[in-house]
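Student: I would like a close look at one part of this structure, followed by an account of how the rest is arranged around it.

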Amino acid sequence: MRLLVVEDEPDLAEAVGAYLRAAGHAVDLAEGAEDAAAALAATDYDLLLLDLGLPDGDGLSLLRGLRGRGARVPVLIVTARDRITERIAGLEAGADDYLVKPYDLDEMHARILAIHRRAAGTAEIERRFGRLLILPERRQVLLDGGPVHLTLREWALIERLSRRPDVTTSRAQMEDALYGFGDEVESNAIEAHVSRLRAKLGRDAIVTERGFGYRMGRI
């Protein structure tokens, strides 16, 4: 997933970013509301991790503005504001979940995955493509019943394609999903990931739509 973390505490932002990158996500960091608004205008994120106490504005105002413009990006509020009235206000403003600081990073990640499943309509236990079985909740791929070892970015790519198997995803869309703003992306990075996935899963696992991108196949 491509995630935006809006957090003005540098140490916490770096810790959260490092944790999520290690879990296989592309992560961008924003210190305030203005930076967050610019990032959201430039990129389609899978989820927004939003602190409320920002140096240049209130996270709740940013959230209300997003929802007022019809933005549907899922939002997990992470904040020290722990009163029930504040939690209700966050959820009523359009947040999908609310997590109070200090929080456990594993719980944060579990909530992110749960929100993403609900938003994408992919709460199903498995996705089958012939001999290939993808288990999103376990982040596992099976071929003929046996597990296939994938790198974090290979998993992110096959998970994204399998989420909407009949839709062709362009190389630019894949790069946006797999890499953050600060990541160096070689010109053939996506092609290299696809090639390695085909070597592991079979050539027909991913179909190339020339001039458009890639979609899931069946093997």
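Student: Which two strands form a hairpin with 3 residues between them, and which residue in the turn has a positive phi?

Tutor: This is a predicted model, in which local features need pLDDT of at least 70 and side-chain atom pairs count only at pLDDT 80 or more, while totals for chains, interfaces and linings use all residues. Residues are numbered from 1 along each chain as its sequence is written, and side-chain values use heavy atoms, with hydrogens and water left out.

The hairpin is made by β12 and β13, and G211 in its turn has a positive phi of about 85°. Helices (H or I, at least four residues) and strands (E, at least two) are DSSP runs numbered from the N terminus, and two strands pair if DSSP finds at least two bridges between them. Strand β12 covers residues 206-209 and strand β13 residues 213-216, and they pair in the antiparallel sense over 4 bridges. Within this pairing, V207 stands opposite R215 of β13.

A separate set of strands forms an open sheet of 4 strands with antiparallel pairing, in the order β8-β9-β10-β11. Its edges are β8 (127-129) and β11 (146-147), each of which has a single partner strand, so one side of each is left without a neighbour in the sheet. Strands β9 (residues 132-135) and β10 (residues 140-143) are joined over 4 bridges in the antiparallel sense, with L135 opposite Q140 in β10. The loop between β9 and β10 holds R139, whose phi is positive at about 55° although R139 is not a glycine.

R139 also belongs to the lining of the largest cavity, whose volume is about 190 Å³; of the 15 lining residues, the closest to its centre are L113, H116, R139, W155 and E159. On a 1 Å grid over the protein atoms alone, a cavity is a set of points where a 1.4 Å probe fits but cannot get out, a pocket is an open set with protein on both sides within 12 Å along at least five of seven lines, and lining residues have an atom within 4 Å of a point. Grid points are joined across faces, edges and corners, and a volume is the space filled by probe spheres set on the points. By this rule there are 3 cavities of 30 Å³ or more. In the largest cavity, α5 and α6 each supply at least two lining residues, and α6 gives the largest share, 4 residues. Domain 1 (2-120) and domain 2 (127-216) both contribute to this lining, so the largest cavity lies between them; the domain bounds come from an automatic or database assignment.

The largest pocket holds about 820 Å³ of space, and of its 23 lining residues the closest to the centre are D44, D46, R160, R163 and R164. Two or more lining residues come from each of α5 (105-120), α6 (152-163) and α7 (171-178). Domain 1 (2-120) and domain 2 (127-216) again both give residues to the lining, so the largest pocket too lies between them.

The protein chain as a whole has 8 helices and 13 strands. Its radius of gyration is 18 Å, close to the 17 Å from the globule rule for 219 residues, so the chain is as compact as a globular protein of that length; the radius is taken over C-alpha atoms, and the rule is 2.2 Å times the number of residues to the power 0.38.
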